[in-house]
Amino acid sequence: MSKLKIRCSSLAKIMTYPNKDELSKGAKSYVKALHKEENFDIKPEFWSRYIDKGINCEKQTIELANEILDWKLPFEVIHGQQQAFENEYLTGHPDVINGDFLAEVKTSWDGNTFPMYGDDEYNKDYKWQCMGYLAVTGLDKCNLVYGLINTPEPMVLDQIRREHWKENSTWNGDEDEQIVNAVRSRHEFEHVPKNIKLQHYIIERNEEEIQKIYRRVELCREYWNELNEYLKTKTK
């Protein structure tokens, strides 16, 4: 790998303490994981139930946003493959891009993690992801949307099992109605009005923050080279 590029979706991992001209321990750990994958084909662990729901429900969230926010996106944009973008520092696959319209959608894990109210803030990690997409596309703003979508039934059932085991490590499979109802209340939202199931933020292009991203990628590259040099000493 001649020049390391960072995925926009992973920018939060390297952008901790963005005003410092150094990599955090977490950022170094991320570069190490990339280095192991590149040199030894050791794949990083990527799965979580939160990511799993996001992948499974992404199109539903886009459809909900398209309807409520009147985005007027054609079917082929909503259901087509994501487009790949890159520049000298970054690579990215935005969830939605249609001309000069750009959006990133997040499907909340459950009702408790959904930012329902006007003074609820978005996760700042997503700001860096959106800023990366603005950098690789050259656009001026990114729509960041959270959707409150029913969790797929197999995942709800898995969560019900988890909650039973949490309460009783020797659980025999007999369901506690109180636990079942509590889990379903957090994951099923037919009773919630449609307009409340969406929260919308605008991330504006900020050249100063984009330059901070680029500088941090340069530091990642320098650290990557240090890792290369270390391995050379071990293989002599």
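What follows is a working chat about a predicted model of one protein chain.

Trainee: OK, helix H8 then. How many residues does it have, and how far does it reach?

Mentor: H8 covers residues 207-234, which is 28 residues, and it reaches 41 Å from its first C-alpha to its last, close to the 40 Å expected at 1.5 Å a residue.

Trainee: Which residues of H8 are buried?

Mentor: The buried residues are Glu 209, Ile 210, Ile 213, Tyr 214, Arg 216, Val 217, Leu 219, Cys 220, Arg 221, Tyr 223, Trp 224 and Leu 227. As background for reading such a list, an α-helix has 3.6 residues a turn, so residues three or four places apart point the same way.

Trainee: What covers those buried residues of H8?

Mentor: The cover includes strand E1 (6-7), helix H1 (11-14), helix H2 (25-40), strand E3 (90-92) and helix H5 (124-137).

Trainee: Moving to the largest nonpolar core, which of its residues touch the most other members?

Mentor: That core holds 43 residues, and Ile 6, Leu 11, Ile 14, Leu 90 and Ile 213 are the ones that touch the most other members. H1, H2, H5, E6, E7 and H8 each supply at least two residues of this core, and H8 gives the most, with nine residues.

Trainee: Take Leu 90, what does it touch?

Mentor: Not counting residues up to four places away in sequence, Leu 90 touches Lys 5, Ile 6, Cys 8, Leu 11, Phe 85, Gly 132, Ala 135, Val 136, Ile 213, Tyr 214 and Val 217. There is also a second, separate core of 15 residues, which includes Ile 78, Phe 101, Ala 103 and Ile 149.

Trainee: What about the loop between E2 and E3, is Asn 87 buried or exposed there?

Mentor: Asn 87, which is in that loop, counts as buried because its relative accessibility is 18%, and the cut-off for buried is under 20%. A polar atom of the Asn 87 side chain lies 2.8 Å from the backbone nitrogen of Leu 90. Leaving aside neighbours within four places in sequence, Asn 87 is in contact with Lys 5, Ala 135, Val 136 and Tyr 214.

Trainee: And where is Glu 88, and what is it in contact with?

Mentor: Glu 88 is also in the loop between strand E2 (85-86) and E3, but it counts as partly exposed, at 43% relative accessibility. With neighbours within four places in sequence left aside, Glu 88 is in contact with Lys 3, Lys 5 and Arg 221, and a polar contact of 3.3 Å joins its side chain to that of Lys 3.

Trainee: Switching to rings, how many aromatic pairs are there?

Mentor: The count comes to seven aromatic pairs. One of them is Tyr 146 with Tyr 201, an edge-to-face pair at 6.0 Å centre to centre with 80° between the planes. This pair links distant parts of the chain, with Tyr 146 in strand E6 (residues 141-147) and Tyr 201 in strand E7 (residues 198-204), 55 residues apart. Both Tyr 146 and Tyr 201 are buried.

Trainee: How is the pair of Trp 165 and Trp 171 arranged?

Mentor: Trp 165 and Trp 171 are edge-to-face, at 5.7 Å centre to centre and 75° between the planes. Trp 165 is partly exposed, with a relative accessible area of 45%, whereas Trp 171 is buried, with 18%.

Trainee: Which residues form one aromatic cluster?

Mentor: Tyr 122, Tyr 126, Tyr 146 and Tyr 201 form one cluster.

Trainee: Last one, which ring does the charged end of Lys 124 sit over?

Mentor: The charged end of Lys 124 sits over the ring of Tyr 122, 4.6 Å from its centre, and the charged end of Lys 127 sits over the ring of Trp 128, 4.2 Å from its centre.

Technical notes
Residues are numbered from 1 along each chain as its sequence is written. This is a predicted model: local features need pLDDT of at least 70, side-chain atom pairs count only at pLDDT 80 or more; totals for chains, interfaces and linings use all residues. Side-chain values use heavy atoms; hydrogens and water are left out. Helices (H or I, at least four residues) and strands (E, at least two) are DSSP runs, numbered from the N terminus. The expected span of a helix is 1.5 Å times one less than its number of residues. Buried means under 20% relative accessible area, exposed over 50%, partly exposed in between (1.4 Å probe, protein chains only). Contact means heavy atoms within 4.5 Å. Rings of Phe, Tyr and Trp (its six-membered ring) pair if their centres lie within 6.5 Å; planes under 30 degrees apart count as stacked, over 60 as edge-to-face and the rest as tilted. A charge sits over a ring if NZ of Lys or CZ of Arg is within 6 Å of the ring centre and within 35 degrees of the ring normal. A nonpolar core is a set of buried Ala, Val, Leu, Ile, Met, Phe, Trp, Tyr and Cys residues joined through side-chain atoms within 4.5 Å. A polar contact is a pair of N or O atoms within 3.5 Å; within protein, one must be able to donate a hydrogen and the other to accept it, and residues adjacent in sequence count only if both atoms are side-chain atoms.
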